[in-house]
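Subject: Structure handover

Dear colleague,

I am passing on the structure below, followed by notes on what was found in it. Please read the notes with the coordinates open.

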Amino acid sequence: TSSVPSLWGIPLKYLSLVTLAVQNSLLTLIMHYSRVSTPPSRSYSPATAVLMNEILKGSISLVIAFARIDASSPDVAGQSTGYPRTLPARLKRLAGDIFSQDCWKLSIPAILYVIQNNLQFVAVSNLQAATFQVSYQMKLLTTAGFSVLLLRKRLTSPQWMALLFLAIGVGVVQIQAGAVRVVEDGVRQDDTHTMNAIKGFLAVATACVTSGLAGVYFEMVLKNSQTDLWVRNVQLSLFSLLPALAPVFYLYASDPQEGWISTLFHNFGGWAWGTVCVQVFGGLLTALVIKYSDNILKGFATSLSIVISFLASVALFDFQITFTFILGSFIVLIATWLYNHQPKRSESIIWALGWP
Ligand code: C5P
């Protein structure tokens, strides 16, 4: 993590943060649209989307990991053996890196992320795009909680206060969640897709728990070893395959008459593929942000995406702005700022993780 690369003169750190903010908003909007724009009988399976996400992300990471094998990467025994020149030698090195002794550690965040990615579909299908985005800010709360519990991190008083504000802000936004009637594409929601705010909120709350735990755990594994980020990503995707396949098996078992492929890709159209692509891009970006930036700045990027999603929801989904929504969002933004605004060199999650 010592040298920070740049693209067109812009440090990758800032480029990845801004891109993450835009990606966050785009994902919420496209995922929301792909789920609520069609009646349930014609909607695609989120389980397939989660599985495709992992397969694509894992494949891209595998190609990058393969391209990055160089003299500096240690072999399985932990000693640098020099640049492997032949294809079989390079493949052997890569396989050794991926199936390393400590690869099992990735199974924990992998399972958590699969649960989170599935819950995200439930949440986004049952809440307004902007409401979901604000509620998803509770990730800050869970990330802090797990850091205190698992990493013995100590929070400053303003940070505890910020977390309290965050909970209040999300609570205020929820007040209006059930009351809003949305009109999309000129079709009333209750004619097509019924949104259940309580179900959506429970899903987003659980997703926040898995996000906090998986994030802290992934970072801990990444920072406590020399293994390449892309190798860690491949390990993460490999361990995700089994839990991601489980709901697909269930889907197939419920209607074995249909073939495998048609069960998997039933109603899986352009919007579904679009959602998967934005999600894959986001996953790779999150990994880069964890490596080249930090959780503190990541929090800022996410809060920026609240504003983008909010404005886009008003423009695209005829989202009705209520006073409680503005008030709640404002409290959440202030809380995010307060949480991230720390005196220099004070303890942060990153430092607690032993990151310079
Ligand atoms: O919102 P949060 O930061 O918890 O979201 C993390 C997302 O990024 C999840 O969808 C997860 O699958 C993905 N991710 C990834 N690779 C990583 C870390 C996270 O694909 N190394």
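**Ligand site**

In this predicted model, a side-chain N or O atom of Ser 211 lies 2.5 Å from an oxygen atom of the ligand. On its own the ligand has 470 Å² of accessible area, and the protein covers 91% of that.

Where does the ligand sit? Its place is the largest cavity.

The shell around the ligand has 13 residues, of which Lys 57, Asn 117, Lys 139, Ser 211 and Lys 298 come nearest. By type, the shell consists of six polar, four nonpolar and three charged residues. Helices H4 (107–126), H9 (197–223), H10 (229–254) and H12 (270–292) each supply at least two of the shell residues.

**Annotated spans**

An unreviewed UniProt entry lists "transmembrane region" for residues 160–177, 197–218, 230–251, 271–290, 297–315 and 321–339. Two of these spans were examined in the model. Residues 197–218 are 100% helix and 0% strand, with the end C-alpha atoms 31 Å apart. For residues 230–251 the end C-alpha atoms are likewise 31 Å apart, and the span is 100% helix and 0% strand.

Regards

Notes. Residues are numbered from 1 along each chain as its sequence is written. This is a predicted model: local features need pLDDT of at least 70, side-chain atom pairs count only at pLDDT 80 or more; totals for chains, interfaces and linings use all residues. Side-chain values use heavy atoms; hydrogens and water are left out. A residue is near a molecule or strand if one of its heavy atoms lies within 4 Å of it. A polar contact is a pair of N or O atoms within 3.5 Å; within protein, one must be able to donate a hydrogen and the other to accept it, and residues adjacent in sequence count only if both atoms are side-chain atoms. Accessible areas come from the Shrake-Rupley method with a 1.4 Å probe; for residues, only the protein chains shown count as cover. On a 1 Å grid over the protein atoms alone, a cavity is a set of points where a 1.4 Å probe fits but cannot get out, and a pocket is an open set with protein on both sides within 12 Å along at least five of seven lines; lining residues have an atom within 4 Å of a point. A molecule sits in a cavity or pocket if more than half of its atoms lie within 2 Å of its grid points. Helices (H or I, at least four residues) and strands (E, at least two) are DSSP runs, numbered from the N terminus. Ala, Val, Leu, Ile, Met, Phe, Trp, Tyr, Cys and Pro count as nonpolar, Asp, Glu, Lys and Arg as charged, and the others, Gly among them, as polar. UniProt positions are given in the numbering used here, feature names are shortened, and annotations may be inferred rather than shown by experiment.
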